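Here is a brief structural report on one protein chain. Keep the sequence and the 3D view at hand while reading.

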Amino acid sequence: TALPSHAWDFKTDDIYYNIMSESDRTVEVTYPNSYGPDYRGSVDIPIRVIHDSKTYRVIGIGRRAFQNAKLTSITIPTSITSIGDRAFDDCSLTTITIPNSVTIMGDEVFRNCHSLKSIELPNSLMSIGDQAFWCCWDLVSITIPESVTSIGYAAFKSCNHIESITIPGSLSYSIFLGAFFNCKKLTSVTLQAHNRSEGEIYRYAFYGCTNLKTVTIESKAPLTIRRYAFNDCQSLSAFTLPSGATISHLGEYAFQGCKSLQTFSLLPVKEIEDRYGHQFANSGLTKVNWPSALEEVPEGCFYNCQALKEVN
């Protein structure tokens, strides 16, 4: 049986649509054929579209809708509530504004958009998906809305032109695996205060951010720092916690290769993960302030800290 060569229900004004609900009269924008979209130039998505004498409301941008598209601009209406996985993957857009109606953006949604320089995220957005901005090399800055509660795996990996990032308190510091991996020009990170019981910086979250100089933690809630979280942050010289803050868990290799980190107050860390040791290997530590709550130091924790002169 021959398979259809397209993935759409109808086409109007050079935009392709899938019917989401016939009873609700809703549709989403989709790609024109099984080989990916051929959208080019400027695209203006309407709020409503007419087909077979029926009026449909455009509520979504579907999976892969504009993948590889040679777009110069796009207008997204306030009727859109969701943007699917890889919707703009490898797209040529340089700037885009997402309306406040959008609450969901899928995984890899702007992955490999090498020319994307600026994007305005909506205050309604609840999460940033896995690899959402992976390799958006030209992205200079981005504001994470306070509505966002999670940042996915490798969401901003290799965004080499972002210089600073502020993590809103709504995230409760749930910065997922490799979220800012290899962001070479990132110099400062601020994690705003939150009202939740704990926070967590996952593995490889800031791995390889070689120009990261300052990390400011504003919350006093217990914080878990997983292994390799700040590994190879060679310029990191200030890791600031508020008075009374608690690092409840410090993973192995968390600060390995932080050659500019000269003073690190372990107080009041409760646990240093014992797996491979080498949490501070090859760092520039000259002084360590020891916590009274700590009961055991794992093997190799300060391996090859050649500049270390003082332990209190």
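## Model and confidence

This is a predicted model, in which local features need pLDDT of at least 70, side-chain atom pairs count only at pLDDT 80 or more, and totals for chains, interfaces and linings use all residues. Residues are numbered from 1 along each chain as its sequence is written, and side-chain values use heavy atoms, with hydrogens and water left out.

pLDDT is the predictor's confidence in each residue, from 0 to 100. The protein averages 88, and 92% of the residues score at least 70. Among the elements, strand 6 (residues 54-61) has the highest mean pLDDT, 98. Strand 21 (residues 263-265) has the lowest, 70. Where pLDDT is low, the predicted coordinates should not be read in detail.

## Overall build

The protein has 23 strands and zero helices. Both are DSSP runs numbered from the N terminus: helices are H or I, at least four residues, and strands are E, at least two. The C-alpha trace spans about 80 × 40 × 35 Å along its principal axes.

Of the 312 residues, 50% count as buried (under 20% relative accessible area; exposed is over 50%, partly exposed in between; 1.4 Å probe, protein chains only). Contact means heavy atoms within 4.5 Å. Among contacts between residues at least 6 apart in sequence, 46% join residues at least 24 apart.

Strands pair if DSSP finds at least two bridges between them.

L191 stands opposite I217 in strand 17.

## The nonpolar core

The largest nonpolar core has 87 residues. Such a core is a set of buried Ala, Val, Leu, Ile, Met, Phe, Trp, Tyr and Cys residues joined through side-chain atoms within 4.5 Å. Those with the most contacts inside it are F66, F88, F110, F133, F206, F230 and F255.

Take F88. Not counting residues up to four places away in sequence, F88 touches residues including F66, F110, I61, L93 and C113. R111 is also among them.

## G129, a loop glycine

G129 lies in the loop between strand 12 (127-128) and strand 13 (150-151). Is G129 buried or exposed? G129 counts as buried because its relative accessibility is 9%.

Not counting residues up to four places away in sequence, G129 touches M105, G106, D107, G152 and A155.
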